Amino acid sequence: MKYALIILSCVGLAAPTFAEGDIYMGQKRFTICRTCHGTDGMGLESVGTPRLAGQKPYYLKRQLLNFQSGARGKTPGDDFGKMMRPMAMTLPDEQAIDDVIAYIQTLSAD
Ligand code: HEC
């Protein structure tokens, strides 16, 4: 019993930090994203955007933070990254990032 509790608390610790993402707020934020990433978040070849739907939340978050910090989207010649960087800037704080990712998770994964 004692061990079961320890295991359960470890599972709790490993849970993603996105649980608090607000899907409704995320949906509103995703309105602008749709124009480039497609209504279903599957990416649009005509714009050169990647698929977001079905992508791992921790990875999406890392990339959004990378665009915000300039680790992506600032290098000369990174024309696609430069398209995305100002879009990441429309997400004012970590809550906004978690919200939009919570919504992306509701989109089709296949
Ligand atoms: C003006 C068009 C445009 C809009 C609007 C846009 N994006 Fe992007 N996004 C791009 C492009 C182009 C890339 C690919 C950049 C590259 O090749 O490095 C990208 C890449 C990404 C990536 C990285 C994916 C990966 O696999 O590395 C994420 C995450 C992302 N966008 C999320 C969003 C979110 C969330 C929004 C809405 C807030 C949004 N994008 C709005 C054009 C856009």
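A polar contact is taken here as a pair of N or O atoms within 3.5 Å, where, within protein, one atom must be able to donate a hydrogen and the other to accept it, and where residues adjacent in sequence count only if both atoms are side-chain atoms. By this criterion the side chain of aspartate 98 makes a polar contact with the side chain of lysine 61, at 2.8 Å. The structure is a predicted model, in which local features need pLDDT of at least 70, side-chain atom pairs count only at pLDDT 80 or more, and totals for chains, interfaces and linings use all residues. Residues are numbered from 1 along each chain as its sequence is written, and side-chain values use heavy atoms, with hydrogens and water left out.

The secondary structure of the protein comprises five helices and zero strands, with helices (H or I, at least four residues) and strands (E, at least two) taken as DSSP runs numbered from the N terminus. Along the sequence the pattern is accordingly written α-α-α-α-α. Of the 110 residues in the protein, 31% are buried, where buried means under 20% relative accessible area, exposed means over 50%, and partly exposed lies in between, for a 1.4 Å probe and protein chains only. With contact defined as heavy atoms within 4.5 Å, residues 24 or more positions apart account for 57% of the contacts that have a separation of 6 or more.

Two helix pairs are considered next. Two packed helices are described by the angle between their axes and the distance between the axes; the axes are lines fitted to C-alpha atoms, for helices over the stretch in contact, and the angles run from 0 to 180 degrees between N-to-C directions. The axes of helix 2 (residues 23-37) and helix 5 (residues 94-104) come within 7 Å and cross at roughly 85 degrees. On the side of helix 2, the contact involves Ile23, Met25, Gly26, Gln27, Arg29, Phe30, Cys33 and Arg34, which meet Ala96, Asp99, Val100, Ala102, Tyr103 and Ile104 in helix 5. Sorted by class, this contact of helix 2 with helix 5 has nine nonpolar, two polar and three charged residues, where Ala, Val, Leu, Ile, Met, Phe, Trp, Tyr, Cys and Pro count as nonpolar, Asp, Glu, Lys and Arg as charged, and the others, Gly among them, as polar.

In the second pair, the axes of helix 3 and helix 4 (residues 79-88) come within 8 Å and cross at roughly 95 degrees, and these two helices are therefore roughly perpendicular to each other. Leu64, Phe67, Gln68 and Ser69 in helix 3 meet Gly81, Met84, Arg85 and Ala88 in helix 4. By class, the contact of helix 3 with helix 4 has four nonpolar, three polar and one charged residues.

Helix 5 is mostly covered, with nine of its eleven residues buried, and these buried residues pack against helix 2 and helix 3. Aspartate 98 belongs to helix 5 and counts as buried at 3% relative accessibility. Its C-alpha atom is separated by 7.4 Å from that of glutamate 20, which is 78 residues apart from aspartate 98 along the chain.

The ligand is surrounded by 21 residues, of which the closest are Cys33, Cys36, His37, Arg72 and Met84, a residue being counted if one of its heavy atoms lies within 4 Å. A nitrogen atom of the ligand is 2.8 Å from an N or O atom in the side chain of histidine 37. Histidine 37 lies in helix 2 and counts as buried at 9% relative accessibility; leaving aside neighbours within four places in sequence, histidine 37 is in contact with Met42, Gly43, Leu44, Thr49, Pro50, Leu52 and Met84.

The loop between helix 2 and helix 3 (57-69) contains glycine 41, which is buried with a relative accessible area of 0%. Glycine 41 and leucine 52, eleven residues apart in sequence, are 5.4 Å apart in space, C-alpha to C-alpha. Glycine 54 lies in the loop between helix 2 and helix 3 and is partly exposed, with a relative accessible area of 46%.

Note on methods
Angles under 35 degrees count as roughly parallel, over 145 as roughly antiparallel, 65 to 115 as roughly perpendicular and the rest as oblique.
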